[in-house]
Protein chains: 2
Amino acid sequence: MSDSRLNDLLDFLRFPSISTQSEHTVDLRNCAEWLRQKIESLGMAAEVRETGGHPAVIGRTAHDPAKRTLLIYGHYDVQPPEPLELWETPPFEPSIRNERIYARGSTDNKGQIMAHILGVGEAIASGKPLPVNVIFLIEGEEEIGSDHLAPFLERYKEDLACDVIVISDNGMAAHGYPTLTYALRGISALEFKASGPALDLHSGVFGGAVMNPATAVARLIASLHDEDGRVAIPGFYDAVADLLPWERDAAAALPIGDEIIRELTGVNELFGEKGYNSIERIGGRPTAEVNGIGGGYQGEGTKTVLPREAFAKLTFRLVPNQQPEEILRLAEAHLVSHCPPGIKLEITKGHSGEPYFADPTSPDGLAVQRALERVFGHKPALMREGGSIPIVVAFRNILGPAALLPGLGSPDCQAHSPNENFPIENFLKGIKLSQAILEELGTIPLR
Amino acid sequence: MSDSRLNDLLDFLRFPSISTQSEHTVDLRNCAEWLRQKIESLGMAAEVRETGGHPAVIGRTAHDPAKRTLLIYGHYDVQPPEPLELWETPPFEPSIRNERIYARGSTDNKGQIMAHILGVGEAIASGKPLPVNVIFLIEGEEEIGSDHLAPFLERYKEDLACDVIVISDNGMAAHGYPTLTYALRGISALEFKASGPALDLHSGVFGGAVMNPATAVARLIASLHDEDGRVAIPGFYDAVADLLPWERDAAAALPIGDEIIRELTGVNELFGEKGYNSIERIGGRPTAEVNGIGGGYQGEGTKTVLPREAFAKLTFRLVPNQQPEEILRLAEAHLVSHCPPGIKLEITKGHSGEPYFADPTSPDGLAVQRALERVFGHKPALMREGGSIPIVVAFRNILGPAALLPGLGSPDCQAHSPNENFPIENFLKGIKLSQAILEELGTIPLR
């Protein structure tokens, strides 16, 4: 392989660009400036642009108004590396072992975005006219919530105008298995507190005469599902778009079966909504999940207290076309109507994010599928992911185009964990993929 | 009033006989020795006897084999006084305000047991032969669980042989309202942990495919009761002795109605087993109560975790003739049979204590009722208490006689809390009550 390409990535990985730790603010700025120079050196215009937080790097190829414009998004900031003692080699001294690059950020997201940068660089270097215009938008706040991204998109909407968006900040269904993620679940968060007595009561002296708030919380949580694992909140499924036949075929074809999910989670038996397999339940069906419950005595042994209050923290994962605010409204109404006597219910609504769907059978989707097949040698897996990536929704809502998500991470990449790594093969195929994407997207006429 | 009687109590209250704090070990011993001398000075034989922990004080009147023997139990140890800053006057410098004695232990139990000691002392001083033989057993470990009491009773069974037992270590139904407590609930404790995934999972990445352990705990708790507040564990009520008609009349006659319970607990609405009022639910009906629940994220805001485990701590309050071990067996079987798929259930059985019932319409019960009526001027309330006093069961099981419980504490005595107090009136009436009890019990022939 070309040493210079690998060296570019290793240099990028040496910046401790930890966005959540203020002592690294200067490292983020240095990293952004290095990235600007790297992009410029490949024949693009590049600048470091202020966001109000850590800056963003913008790169762009020469603009041809007769061509479509592709925006490629990535981020140069990384998760904190702690706990350091679990790293086999230091997180910001990249090390190559077993044909993988070990470093914080190697997969998430420096390796993946660098593959795109170098891919576009190689396309420029080839001397042929680029099939599409390319804009890079590489931010420094993804790991801390991308708070400044949406305002930034709003502000530079004209400047960032594009016809299609590609993001590689996610994973492949299996090692070496080309994958196009076409849907993400949305989220609604809600916390409720059930209060009963004015103070913790002695469960002997008063038990039996008042509703126990912990029992009330339990009854409310139990009311959220029926025996078949379906969410029992009235109206919850009204807006849910059923999985289409091709989606169920695609889910069945994924190299991730129930047995793998069982192994990954370590449960002795899987459980979920009747009528769906695990991968469909995770990607294609909404959930009501308890993230935390608490109330009363938490220590060792027994304390005969009847607690004055108890709480639960819930998140709902949503699928198209559920609306987060509407789901919170339905959930609140359900909880209020099921609240046991003698209990005061306090409901706090939390953050929310819309579900996402980018049709992989659209012309752009098919183009990215073709690019994946050309580079990896077989048809890509089409996957819905269970998690949420709020920025994807921001791109769609502000800039317009749906983002296509051909991830390059391996399932065992350890993103966010010690010993994060990126297979050299994924890096090199990613460089090829980026060029193939330019070519395939270039076959689609400008509307 | 006689100053010397009050001074005796004030001297008793000055000992910081805090059994749970090892730095006070010598104070307990000094207190026991002072008590021995006090009892001796009133004309009884008295000794400090080792228990293996803090010593017990035994006092006894001259033994007449032709008479019945009454054992009066009490304790000279006290709860810790903390938080000290909430006391209006120092806990071990007794202070008289509003015709009450303020000091740690004033109600629990120094004031009540001193009333009995002085009552018996006055009976002796009267020069008339005592109607019954009296044995005092005053221990120093009640506030730390009376661990050495049962072995002590076993060891000195012959020495402590008696026909009837009286204990004043509890409260009155209302201020100045003579009260005979005739039943206490028993208890069974149980904790269960529901485990699912091998580790905390991302609720987006895996939510929907596995049973959430917090949901499982909630469903298990919800399964414990039906909609009418009855415990839904099969067999739970099989051994329950129904409240007798006279008991329901007595409960209805108590100066504690639902409105007072509502005020004491501070709930906006009472709730409990259908068909009973609050005081019956507390004293006469068994419960399944959650003392603590926990699992997953406990901090502020949202964390999208699907917790690997969750737990609940339960206690069951039991009434005659429920057997604690049998209830735990039934509860365990119920939980196991309701355990959702994919969940491993770990059940830990905790401590237990039998329910207690001493028929207030027995000859001894009627005698104590007559004594209460003589001293307080009206018929006593007959009350079941919701709490458990394990030593009462130990007395019955080891020595034989049922203990009668004419409490002298006021509802606002603040036992175990700052500013514990004992009305002087209760102290003086207690002295009279003790003499009246001797006389009334003396009318019952020796069998």
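**A colleague's note on chain A**

1. Let's begin with the secondary structure: chain A carries 12 helices and 18 strands. Its radius of gyration is 24 Å, close to the 22 Å that the globule rule gives for 447 residues, so chain A is as compact as a globular protein of that length. Please keep in mind that this is a predicted model.

2. On overall dimensions, a box of roughly 85 × 50 × 45 Å, taken along the principal axes, holds the C-alpha atoms of chain A.

3. The domain layout deserves a look in the viewer. The assignment for chain A gives domain 1 as 3–184 + 355–442, and domain 2 as 186–240 + 286–353. Between the C-alpha centres of these two domains of chain A there are 39 Å. Where they meet, 8 residues of domain 1 of chain A are in contact with 9 residues of domain 2 of chain A.

4. Next, the packing. Of the 447 residues in chain A, 61% are buried. Among contacts in chain A with a separation of 6 or more, 80% come from residues 24 or more positions apart.

5. Finally, a word on charge. The side chains of chain A include 40 positive and 60 negative ones. The centres of the positive and negative sets in chain A lie 3 Å apart.

Notes
Residues are numbered from 1 along each chain as its sequence is written. Chains are lettered from A and ligands numbered from 1 in the order in which they are written. This is a predicted model: local features need pLDDT of at least 70, side-chain atom pairs count only at pLDDT 80 or more; totals for chains, interfaces and linings use all residues. Side-chain values use heavy atoms; hydrogens and water are left out. Helices (H or I, at least four residues) and strands (E, at least two) are DSSP runs, numbered from the N terminus. The radius of gyration is taken over C-alpha atoms; the globule rule is 2.2 Å times the number of residues to the power 0.38. Buried means under 20% relative accessible area, exposed over 50%, partly exposed in between (1.4 Å probe, protein chains only). Contact means heavy atoms within 4.5 Å. Lys and Arg count as positive and Asp and Glu as negative; His and the chain ends are not counted. The place of a charge is taken as NZ of Lys, CZ of Arg, CG of Asp or CD of Glu. Domain bounds come from an automatic or database domain assignment.
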